[in-house]
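Trainee: Please take a close look at one part, the site of the ligand, and walk me through it.

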Amino acid sequence: MDAALEALATTARAWLSQAESIAVLTGAGMSAESGIPTFRDALTGLWSRFNPAQLASEEGFRADPALVWNWYAERREGVRRAEPNAGHRALAAFQARHPGRVTLVTQNVDDLHQRAGSTGVIRLHGDILEDRWLERRSHACDLAQAQPGTPPRCAVCGNLVRPGVVWFGEMLPAAALAAAERAAQRCDAMLVIGTSGAVWPAAGLAHAARRAGARVIVVNPHDSELDEVAHLRLQGTAAAVLPALLDAL
Ligand code: OAD
């Protein structure tokens, strides 16, 4: 870290040390250095190349299940191949040194926080590696052999399997959102890492923490929509800033 960033990190460390309760909100930038693309970065973000209405909505899935299934299959492969980066590891180690003080809330659908050793991770947008039935049925659906390149179906009723992520227009899992809101209300400091702040209600957690009196620290190499709620911005990447910020705490 250069001298200016280190001076800001010193202040951030003081706030984190004083905080009884710390909430961490992470977004796609957290996993960027693990090789998982973000959504809104201008050149590399998924939504600059792909249409979210087609690939991340129930209507899009119903219109072309195979297309959507195959797109998620590729992303699942990318997640399975990826490894946690130094930022995930620094957060997990920090959490382990401070049992009960740090609540980690993520918008990410990968499992890199968990693989780095973080516990109790609150997942707002689901789990890309999980399968779910598209429709609720009164009978227990029974998986049929899938045709390669198409989503598995129920052998009895044809119900389709879909990835366990939250799509546009869908509600967040209620228990996860409630737990995240409690953490935001209760915390004395919130670390916001690698998120554009463009998607609600996740972005609202940083606003809620600020309103409730917490110090808000944003870690992001670029500007974000949450800069307005930040007391302090650490302009760098997650894998560079987090070890430097947290390893001494
Ligand atoms: P975005 O793609 O919107 O934002 C990624 C943020 O990460 C940007 O602000 C980048 O500047 C920042 N960034 C890029 N590289 C970074 C790095 N190495 N270290 C730290 N920050 C970096 O991703 P999210 O804010 O997570 O929804 O997007 C929110 C939701 O929109 C996602 O959860 C996803 C998407 O549609 C679902 O999957 C439901």
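Mentor: The model is predicted, so local features need pLDDT of at least 70 and side-chain atom pairs pLDDT of 80 or more, while totals for chains, interfaces and linings use all residues. Residues are numbered from 1 along each chain as its sequence is written, and side-chain values use heavy atoms, with hydrogens and water left out.

Next come the polar contacts (pairs of N or O atoms within 3.5 Å). A polar side-chain atom of Glu33 is 2.9 Å from a nitrogen atom of the ligand. A polar backbone atom of Arg40 lies 2.7 Å from a ligand oxygen atom, and a backbone N or O atom of Gly194 is 3.2 Å from an oxygen atom of the ligand. Of the 790 Å² that the ligand exposes when taken alone, the protein buries 92% (Shrake-Rupley method, 1.4 Å probe).

The domain assignment, automatic or from a database, gives domain 1 (1-36 + 83-125 + 172-249) and domain 2 (37-81 + 129-165). Their centres, taken over C-alpha atoms, are 28 Å apart. The contact between them (heavy atoms within 4.5 Å) takes 15 residues from domain 1 and 12 residues from domain 2.

Methods. A polar contact is a pair of N or O atoms within 3.5 Å; within protein, one must be able to donate a hydrogen and the other to accept it, and residues adjacent in sequence count only if both atoms are side-chain atoms.
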